Amino acid sequence: MTMDMLAAKRRINLSNPWHLLATGFGSGMFPWMPGTVGSLAAIPFWCLLVLLPWQLYSLAVMFSLCLGVYFCHQTARDMGVHDHGCIVWDEFVGMWITLMALPVNDWRWVLAGFLLFRLLDIWKPWPIRWFDRKVHGGMGIIIDDVVAGIIAAGVLYWVGHHWPLF
């Protein structure tokens, strides 16, 4: 991590509610693989979301996405760095979208969703890469993970209904 990135990370104030949420309740502050740690940290919250009827789950994810655009933008602006690695709310939203498509709530499917989402988020195949490069601000921070989540959800849904593994 460069000195500029470390200085930007020091500008995070976890007592600021926007910073706290943008960093995934501090999970993005982990020194190694903060996106992966943020994706893992999203799973316990998903365990609560999945208790809701699917309509409320969908509404909660949409609300998290919309609000996340704002506080990720504010946090990035406060840090002086667009999409710093410690901003992981986008991973939370992407994971929640991915896990919406599980054929059954089984830990093996959750693991498959986690691995698939991380693969797509790190690799960034088209169209994820296009959104990552072309969209800026808070929406730019979140949209590539939303697209990765949608693709991962589609793959999980297809595999779960055409190739039942578990």
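Which residues does D144 touch, not counting residues up to four places away in sequence? The views below start there. This is a predicted model, where local features need pLDDT of at least 70, side-chain atom pairs count only at pLDDT 80 or more, and totals for chains, interfaces and linings use all residues. Residues are numbered from 1 along each chain as its sequence is written, and side-chain values use heavy atoms, with hydrogens and water left out.

**View 1. D144 and its contacts.** D144 sits in helix α8, residues 137–162 (helices are DSSP runs of H or I with at least four residues, strands are runs of E with at least two, and both are numbered from the N terminus). Leaving out residues up to four places away in sequence, D144 touches D121, K124, I128, F131 and D132; a contact here means heavy atoms within 4.5 Å. D144 counts as buried because its relative accessibility is 1% (buried is under 20% relative accessible area, exposed is over 50%, and partly exposed is in between, using a 1.4 Å probe and protein chains only). W130 belongs to helix α7 and, at 42% relative accessibility, counts as partly exposed.

**View 2. Helix α4 and its kink.** Helix α4 covers residues 54–79, and its 26 residues should span 38 Å at 1.5 Å a residue; the end C-alpha atoms are 36 Å apart, which agrees. The expected span is 1.5 Å times one less than the number of residues. Along the way, α4 has a kink of about 30 degrees, centred on G68 (the bend is the angle between axes fitted to the seven residues ending at a residue and the seven starting there). G68 is also one of the buried residues of α4, which include Y57, V61, L65, F71 and M79.

**View 3. Where α3 meets α6.** The axes of helix α3 (residues 34–49) and helix α6 (residues 107–123) come within 11 Å and cross at roughly 145 degrees. Those axes are lines fitted to C-alpha atoms, for helices over the stretch in contact, and the angles run from 0 to 180 degrees between N-to-C directions. On the α3 side, G35, T36, S39, L40, I43 and W46 make the contact, and on the α6 side it's V110, F114, F117 and R118. Sorted by class, that contact has six nonpolar, three polar and one charged residues.

**View 4. Helix α6 and its neighbours.** α6 has 17 residues and reaches 24 Å from its first C-alpha to its last, close to the 24 Å expected. Its buried residues pack against α3, α5, α7 and α8; among them are W109, G113, L116, L120 and D121.

View 5. P127 is in the loop between α6 and α7, and the peptide bond from W126 to P127 is cis, with omega near 5 degrees. M33, in the loop between α2 and α3, has a positive phi of about 50 degrees although it isn't a glycine. M33 counts as exposed, at 59% relative accessibility. D83, in the loop between α4 and α5, isn't a glycine either, yet has a positive phi of about 55 degrees. D83 is partly exposed, with a relative accessible area of 26%.

How values were computed. Nonpolar A, V, L, I, M, F, W, Y, C, P; charged D, E, K, R; others polar.
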